[in-house]
Amino acid sequence: MQKINSSWWKALLFGLALIIGYKLLDNVPKIVGYVRAVVDILTPFFIGGALAFFLHKPVNKVNGWIQKTPAAFVRKRSMTLALTAVYAVFLVAIYFFIRFFVEAIYENIAEIIANWEAISARSMEIFNHVDIPQKQEWLDKINEFLTHLLETEVLLKAGHIVGGVASSLVSVFTGVIISIYMISEKESLKALLKRGLQVIFRPLRAAKVQLYTRRLSDMFYSYFTGLAMDAIVVGAISTVFYIIFDAPYPWLLGLIVAVGNMIPFFGPIVAALVIGLVCLVALGPTQALWVLVFQLVLGQLDGNLLQPKILGNSVGISPFWVIFSVVFFGGIWGPFGMLLGVPLVAAIRMMVLTPIGFTE
């Protein structure tokens, strides 16, 4: 019996791929709807995975301390005690964050809404003395946008926002429970993933994937935990300065500094400009200049002292690639791309320039 030429099989598979691709394109809205539904269902697992990723090392550290105790009864329950201790601290921190910080931010935003007419008038008065091409057109557009943002009909949507927050809280609570189980069953999950890699890849390639995954996991963990710590420190210092300096909306401005500090290169610059404009309108040019001087000095101290100590060499890429990653991924994914761009480029660099020396 004559064998079928392999080129016929290739042509047949290619034709089937074209048909499947056409049908997929023809049903894109349905597919997108299915994907969104699946993502919504799996959201608690995404949240749980993120929490487990960032909390598993503190749990392991506490577990190691408990294992050193002489009491056998305590050592047998070390993981349960470690999980209880770490999650108790985590939940207490979240409570105080919501109880004090979020409430202060809410009060600052409410103050802006209540005084919006005066703020708008003061802004117009200041910028009327500045010679900018098409100045009035820009001012009218900005005023129209911000006024619409603060209109009553927009504020009436708060009910929908509250509903979304309530739904999110349910997902977060479920995610916390899932993360506890993920950490407590970490070894069995790692064994399952290892077995899955061995099924998909040949042994040496599976070992490569495991090593790369471990390296990338350590890099992402170091980068994001360090970045969060640095942002908290810089935001706290800024907030204290604004309170002492009697700047308007100190908690909101401190939050802007903290968030801006998490976006490399461009974030601190944009944050400083926004804060400078707010202080210019509220306090006048002299005080606004002092605020900008403070932000400049704090930025230099952070870039040369705090960040090297906290972040260390967690990503190890040059300033050029930092700027490229922020611009490129920011253009694709917006603010999340600006935040994720640097570790993504560092991950690509790691896999390209530091290959693992296995041979098949």
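The structure is a predicted model, in which local features need pLDDT of at least 70, side-chain atom pairs count only at pLDDT 80 or more, and totals for chains, interfaces and linings use all residues. Residues are numbered from 1 along each chain as its sequence is written, and side-chain values use heavy atoms, with hydrogens and water left out.

## The chain as a whole

The chain contains 15 helices and 0 strands. Here helices (H or I, at least four residues) and strands (E, at least two) are DSSP runs, numbered from the N terminus. Of the 360 residues in the chain, 27% are buried. Buried means under 20% relative accessible area, exposed means over 50%, and partly exposed lies in between (1.4 Å probe, protein chains only).

The chain exposes about 24,300 Å², and carbon and sulfur atoms supply 72% of this area. Such areas come from the Shrake-Rupley method with a 1.4 Å probe; for residues, only the protein chains shown count as cover. Among contacts (heavy atoms within 4.5 Å) between residues at least 6 apart in sequence, 69% join residues at least 24 apart.

## The largest pocket

The largest pocket has a volume of about 1,800 Å³. Of the 35 residues that line this pocket, Phe90, Ile94, Phe97, Ala228 and Ile232 are the closest to its centre. A pocket is defined on a 1 Å grid over the protein atoms alone, as an open set of points where a 1.4 Å probe fits, with protein on both sides within 12 Å along at least five of seven lines; lining residues have an atom within 4 Å of a point. Grid points are joined across faces, edges and corners, and the volume is the space filled by probe spheres set on the points.

Helices H2 (28-67), H4 (78-114), H8 (158-184), H10 (203-245) and H11 (250-261) each supply at least two residues of the lining. Helix H10 gives the largest share, 12 residues. By residue type, the lining divides into 30 nonpolar, 5 polar and no charged residues. In this scheme Ala, Val, Leu, Ile, Met, Phe, Trp, Tyr, Cys and Pro count as nonpolar, Asp, Glu, Lys and Arg as charged, and the others, Gly among them, as polar.

## Selected residues

The table lists relative accessible areas for residues discussed below.

| Residue | Relative accessible area | Class |
|---|---|---|
| Asp230 | 0% | buried |
| Asn108 | 7% | buried |
| Tyr249 | 11% | buried |
| Leu283 | 25% | partly exposed |
| Asp246 | 60% | exposed |

Asp230 is found in helix H10. Its side chain makes a polar contact with the side chain of Asn261 (2.5 Å). A polar contact is a pair of N or O atoms within 3.5 Å; within protein, one must be able to donate a hydrogen and the other to accept it, and residues adjacent in sequence count only if both atoms are side-chain atoms.

The loop between H10 and H11 holds Asp246, and Tyr249 lies in the loop between H10 and H11 as well. Although not a glycine, Asp246 has a positive phi of about 60 degrees; Tyr249, also not a glycine, has a positive phi of about 50 degrees.

Asn108, in helix H4, touches Tyr249, Pro250, Trp251 and Leu252, not counting residues up to four places away in sequence. Leu283 belongs to helix H12 (residues 266-283). Leaving aside neighbours within four places in sequence, Leu283 is in contact with Phe245, Asp246, Ala247 and Pro248. Leu283 and Asp246 are 37 residues apart in sequence and 9.3 Å apart in space, C-alpha to C-alpha.
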